[in-house]
Amino acid sequence: MREQLLAVEKVQAIEWRDGALYLLDQRLLPHRQTWLRFDSAAEVADAIRDMVVRGAPAIGIAAAYGLVLGARARLQAGGDWREALEADYACLERSRPTAVNLFWALQRMRERLARLKDGDDILALLEAEAVGIHLSDREANLTMAQLGMELIRKHQGNPQVLLTHCNAGALATGGFGTALGVIRAAYLEGLVEQVYVDETRPWLQGARLTAWELAGDGVPVTLNADAAAAHLMKTKGITWVIVGADRITANGDVANKIGTYQLAVNAMHHGVRLMVVAPSSTIDMSLESGEDIVLEERDGRELLEVAGHRVAADVHAVNPVFDVTPADLVDYIVTEKGVIERPDSAKLAQLMCRKRLH
């Protein structure tokens, strides 16, 4: 399966070349494919905050490269560069609060700095660490694609009707995707009849990004309003809801794009399995449950306006962009370390002690 996925790889969102970070501006997709160059940690933080790059793993990768850019500037400036670099850590950490991959990647970079020896090429080692984070995520996605595909084949051998929410594809990761990696693999194995994609208000990641990715791969994809999901489960024979995650707590609660929680409730009512696909870097064992997660709320204008034009009445808008799905609504969590069925604290702890499967 790895070779099959590599053979059809088309989409990348992050490139590191010539000492600079290049990001595909996801705000302009699918109509324009524009790459932006970033040369400082502050610029990368702004790109994360402004949704140029989004998706938990991709945010973490971008932040790691952002710290390389910050270190270069601090070293060139002279003085106590380590102390000065703390400002770049803080700037990047403030960019988005919910996706744990951001903090995980920055901690990886901090740990690499702690292992420096006299005479080491600081920038070369930091760059290698960031590239390693990037490539490791890509490999994890390939492993998860295989594991998730095998789950679908195990439970339903015939071509299936799937539903996904938001974008957990190549655009949100180091490549191939988490949820979309599984869907891609299942399609290549002849296990997919149709994929329904929630449009994902208010940024329309499903309509603009996921539908674009899947259509580009030739996967049969149909777009639907978020509010239509329960009706489709009832009438269209959907057998799996497959989503990514921005943070998974020690008990198996899942923070993901707003709307995932109601999908999980509807899936349980209709006998539809829920598969959460995320790398182990998304699992935050320091938080006991989803109640401990800081859930980001964004400016209400994202709901009140479309392309800068007001479409709503003169009212206040609440705009939470993540919700928490309780573990007891999750059938499977798929990671590169293995699969957990009906997650709980003991199973998560056991998983995190394992080595990667690839």
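This briefing describes the fold of a predicted model and the surroundings of several of its residues. The protein has 12 helices and 16 strands (DSSP runs numbered from the N terminus, helices being H or I of at least four residues and strands E of at least two). Its radius of gyration is 20 Å, close to the 21 Å that the globule rule gives for 358 residues, so the protein is as compact as a globular protein of that length. The radius is taken over C-alpha atoms, and the rule is 2.2 Å times the number of residues to the power 0.38.

Because the model is predicted, local features need pLDDT of at least 70 and side-chain atom pairs count only at pLDDT 80 or more, while totals for chains, interfaces and linings use all residues. Residues are numbered from 1 along each chain as its sequence is written, and side-chain values use heavy atoms, with hydrogens and water left out.

**Overall dimensions and packing**

- Taken along the principal axes, the C-alpha atoms fill a box of roughly 65 × 50 × 40 Å.
- Of the 358 residues, 56% count as buried (under 20% relative accessible area, with exposed over 50% and partly exposed in between, for a 1.4 Å probe and protein chains only).
- Among contacts between residues at least 6 apart in sequence, 73% join residues at least 24 apart (a contact means heavy atoms within 4.5 Å).

- UniProt lists Asp246 for "active site" in an unreviewed entry; UniProt positions are given in the numbering used here, feature names are shortened, and annotations may be inferred rather than shown by experiment.
- Asp246 lies in the loop between strand S7 (238-243) and strand S8 (247-249).
- Asp246 counts as buried because its relative accessibility is 9%.
- Leaving aside residues up to four places away in sequence, Asp246 touches Ala56, Thr98, Ala99, Val100, Asn101, Ala255, Asn256, Lys257, Thr282 and Phe322.

**The sheet S11-S8-S9-S14**

- An open sheet of 4 strands has the order S11-S8-S9-S14, with mixed pairing (two strands pair if DSSP finds at least two bridges between them).
- Strand S11 (283-284) and S14 stand at the edges with a single partner strand each, so one side of each is left without a neighbour in the sheet.
- S8 pairs with strand S9 (residues 254-257) in the antiparallel sense over 2 bridges, and Arg247 stands opposite Ala255 in S9.
- S9 and S14 run antiparallel and are joined by 4 bridges; Lys257 stands opposite Phe322 in S14.
- In a regular strand the side chains alternate between the two faces of the sheet.
- From S14, Phe322 and Val324 point one way and Asp323 and Thr325 the other way, and all are buried.

**Asp323 in S14**

- Asp323 is found in strand S14 (residues 322-325) and counts as buried because its relative accessibility is 10%.
- Not counting residues up to four places away in sequence, the contacts of Asp323 are Val254, Ala255, Asn256, Lys257, Ile258, Gly259, Thr260, Tyr261 and Leu295.
- Between Asp323 and Val192 there are 131 residues of sequence separation and 28 Å in space, C-alpha to C-alpha.

**The parallel pair S5 and S6**

- Strand S5 (residues 192-198) and strand S6 (residues 221-224) run parallel, joined by 4 bridges.
- The chain crosses from S5 through helix H8 (residues 205-216) to S6 in a right-handed β-α-β crossover (with the strands pointing away from the viewer, the path from the first strand over the helix to the second runs clockwise).
- The bridge partner of Asp198 in S6 is Asn224.

- In helix H2 (residues 41-49), Ala41, Val44, Ala45, Ala47 and Ile48 are buried.
- These residues cover an arc of only 160° around the axis, which puts them on the same side of H2 (the arc is that of the directions from the helix axis to the C-beta atoms).
- The cover over the buried residues of H2 includes strand S2 (20-24), strand S3 (35-38), helix H3 (56-77) and helix H4 (81-93).
- Asp137 lies in helix H6 (residues 122-155) and, at 7% relative accessibility, counts as buried.
- Asp137 touches Pro57, Ile61, Thr173, Gly174, Gly175 and Pro279, with residues up to four places away in sequence not counted.
- In helix H7 (residues 179-188), 8 of the 10 residues are buried, so the helix is largely enclosed by the rest of the structure.
- Those buried in H7 are Ala179, Leu180, Gly181, Val182, Ile183, Arg184, Ala185 and Ala186.
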